[in-house]
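Let's take a walk through this structure together, one piece at a time. Have the sequence and the 3D view ready.

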Amino acid sequence: MSTQQASFVRASMIEASPAPVLESGAVFWLRKNLFATPKDTALTIISLLVLAWLVPPAIQWLFIDAAWTGGGRGVCATLSQGGSQPEGWSGACWAFVNAKFDQFVFGRYPLEERWRPALVGILFVLFLVPMLIPKIPNKGFNAILLFVALPIIAIILLPGGWFGLTYVETALWGGLMVTLALSFVGIAVSLPLGILLALGRRSDMPVIKMLCTVFIEIVRGVPLITVLFMASVMLPLFLPQGVTFDKFLRALIGVSLFASAYMAEVVRGGLQAIPKGQYEGADSLGLSYWQKMNLIVLPQALKLVIPGIVNTFIGLFKDTSLVSIIGMFDLLGIVRLNFTDTNWASAVTPLTGLIFAGFVFWLFCFGMSRYSGFMERLLDKSQR
Amino acid sequence: MAIGVTNAPERSKSSGSIINDPQVRGIFYQAITVIILAVLIYWIVDNTIENLRRANIASGYGFLSSRAGFDVGQSLISFSSDSTYGRALVVGFVNTLLVAITGIITATVIGFIVGIGRLSHNWIIAKLSLAYVEVFRNIPPLLVIFFWYSGVLSILPQARDALALPFDMYVSNRGLAFPRPIPGEGSLYTLLAFLIAVAASFLVARYARQKQMATGQRFPVLWTALGLIIGLPLVTFLATGAPLTFDVPVAGKFNLTGGSVVGPEFMSLFLALSFYTAAFIAEIVRAGIRGVSKGQSEAAHALGIRPRLTTRLVIVPQAMRIIIPPLTSQYLNLTKNSSLAVAVGYADLVAVGGTILNQTGQSIEVVSIWLIVYLSLSLATSLFMNWYNARMALVER
């Protein structure tokens with residue numbers, strides 16, 4: 001009976017099924033990410049065409065046709081414009097940035113005194129870098145160096161006028177130095193002031209609460225430029241005759257107050273996210289108000305809102321460019337001032353200068369946002 | 001609660017000293033704050049009055065009705081140098097609104113396209129959108145304005161060799177010239193038809209909702225409304241004999257004549273604000289769509305709702321709830337950033353106010369007008385936001 005066929009036993013071999021679709025490699029990647037559907041394919045082709053239309057001319061303009069060296073506008077102007085380039089030429093004028101680079105960094109700070117801002121800048125980097133790397137210990141000491149020692153050194157060195165240093169008035173300051181100084185002070189002032197304002201807005205005392213709310217809402221409701229106008233036009237009116245504020249200081253006050261109002265709202269968001277049990281726990285331990293805030297609430301609240309705080313910093317850094325409207329020469333202001341230099345005026349100079357300034361701003365802001373992302377992930381990990 | 005109430009006075013009694021009573025302390029701190037503030041304000045007011053007297057500036061808003069004596073580059077309402085300061089400020093305010101509204105529309109369109117692009121499965125679209133966001137988010141808006149103003153628009157050819165664009169538009173370093181429509185006789189009917197169509201669309205939408213509630217059947221509201229809003233005015237327009245002519249710009253020997261011209265100041269401000277704010281709107285849109293949990297779309301698929309309807313009926317309404325509040329504050333930011341107009345000389349509220357401030361020295365009055373206008377704008381926005389939030393908040397049963 002061994003030859004009897006059971007209906008459930010197969011009599012023939014199964015055909016070999018086709019090999020599985022390749023799920024790795026360049027072709028699969030292309031098919032999945034660029035040509036998944038007809039619509040996708042169309043979008044991909046359109047974007048590639050747009051890129052092909054935009055990128056090669058941009059590279060041509062920025063690098064290949066660019067004038068890299070030269071001592072005057074001649075290298076960046078065509079023959080009919082009084083230069084040495086052939087008709088129809090257009091390219092970036094990096095020679096202009098090259099020649100003016102020192103001015104873009106230091107403004108019109110006297111040449112023989114430029115070691116002073118340079119030294120402050122080097123110290124800033126030296127104090128800042130270990131602060132930013134989480135593994136390096138002694139953060140407290142480092143913070144004192146950065147937020148106490150560095151400002152004192154800067155106040156001594158930058159304006160001068162004592163210890164035999166020649167006095168350099170702030171009207172001569174300019175360039176990246178002013179941008180960085182404004183942002184550093186803005187950041188250093190706005191964070192503590194913002195925390196105080198946020199605590200005030202959540203305070204039980206009605207008068208304090210109302211004052212903080214009114215300040216925050218008014219400042220957040222108006223554009224920075226009106227705050228700067230106020231600082232530069234109305235502050236002198238408020239002071240007695242003869243007392244004058246430095247223009248730089250006025251801009252500093254305006255920028256710092258503006259940033260603190262935004263910071264206050266960010267911090268308030270963090271304070272609201274802390275569960276009530278934390279406040280009550282601190283109260284039941286008998287901690288005073290400031291102990292409760294410093295030891296229990298703020299460390300948790302600030303950690304929650306790091307992205308918001310860094311976004312405010314980035315906003316502040318970008319907003320410092322507005323001081324060029326009230327007649328100060330920050331990086332953007334000094335670049336624009338140099339457009340009018342007859343030695344360099346040409347059709348491509350403004351675009352080149354602005355691209356350079358934009359790149360510098362971008363580098364700082366992008367760096368800050370990347371660092372904040374890194375910190376966020378680090379703190380997130382430590383919580384798990 | 002009862003325990004807390006009875007215990008509180010006992011404790012303050014037992015500690016004996018009134019200094020340690022938190023309520024007394026609170027009143028004390030507040031009193032000190034008020035006194036310091038009052039002294040400070042008195043000092044400031046005193047100094048200000050003294051300074052104003054010395055500079056011979058009469059305070060008050062009387063200057064608003066005196067002759068301005070300056071001209072405004074671009075204005076929607078008539079203005080000449082003989083007009084008053086008050087009218088100049090109105091012109092500035094209208095200009096602020098103009099650039100804000102046009103900027104908001106463009107920024108929203110670009111922002112939504114880029115935001116959705118960032119979530120695209122298409123690698124190249126996602127990366128391009130990411131690059132757009134990272135570039136424009138990290139550059140000061142003022143720099144973008146100058147980029148357009150002195151980097152791009154000012155090196156365009158002069159008006160006599162203006163570049164011709166489609167639809168009889170010309171672009172030159174004097175700005176964009178485009179045909180100006182001149183409504184003829186009877187065009188009022190077209191406007192009327194448009195208004196009727198809008199009203200009818202609302203009624204259709206209401207009817208459709210009632211029908212769906214009652215029977216569960218859906219009515220194609222969108223197509224009906226589109227047909228009404230486009231069709232009805234179009235038919236009226238053609239029936240009344242197409243009463244519309246265009247004032248077309250013509251390239252003359254030295255300049256373009258005719259048509260409407262938008263100056264480079266407005267163009268650069270408008271382009272910069274749109275591109276800059278769009279980067280932020282894109283991030284908001286992305287966060288909003290990502291914020292709708294995946295279970296929602298999976299549940300919709302499980303119910304057999306088709307993908308397009310899932311997007312429209314399940315994802316978008318929930319995403320909008322997340323998107324709208326930050327979006328409104330971006331609109332407000334754009335409006336406030338329009339004050340950067342002063343940098344390129346577009347006559348907005350701040351630029352006009354600045355000119356008046358320099359001419360008359362009425363700094364307190366001008367600044368107070370700025371404050372009132374911008375604060376009321378932001379107050380109106382936050383009122384709208386509260387209303388919207390209340391309407392859109394999750395109704396839990």
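Start with helix α9 (residues 294-302) of chain B, which packs with α10(B) at an angle of about 155°, their axes 10 Å apart. (Helices here are DSSP runs of H or I, at least four residues, numbered from the N terminus; axes are lines fitted to C-alpha atoms over the stretch in contact, and angles run from 0 to 180 degrees between N-to-C directions.) That angle makes α9(B) roughly antiparallel to α10(B), a label for angles over 145 degrees.

Who does the touching? On α9(B) you'll find B:Gln296, B:Ser297, B:Ala300 and B:His301, and on α10(B) B:Thr310, B:Val314, B:Ile315 and B:Gln318. Being in contact means that C-beta atoms, placed from the backbone, lie within 7 Å.

A quick word on the model: it's predicted, so local features need pLDDT of at least 70 and side-chain atom pairs count only at 80 or more, while totals for chains, interfaces and linings use all residues. Residues are numbered from 1 along each chain as its sequence is written, and chains are lettered from A and ligands numbered from 1 in the order in which they are written.

Now hop over to B:Val285, in helix α8 (residues 264-291) of chain B. B:Val285 counts as buried because it has 27 C-beta neighbours inside 10 Å, and the cut-off for buried is 20 or more. Leaving out residues up to four places away in sequence, B:Val285 touches B:Gly111, B:Phe112, B:Gly115, B:Ile116 and B:Ile323.

Finally, look across to the other chain: 46 residues of chain B are in contact with 43 residues of chain A. On chain B's side, α2(B) gives the largest share, 11 residues.

Definitions and conventions:
Contact = placed C-beta atoms within 7 Å. Helix = DSSP H or I, 4+ residues; strand = E, 2+ residues; numbered from the N terminus. Parallel < 35°, antiparallel > 145°, perpendicular 65-115°, else oblique. Buried ≥ 20, exposed ≤ 12 C-beta atoms within 10 Å, placed from the backbone.
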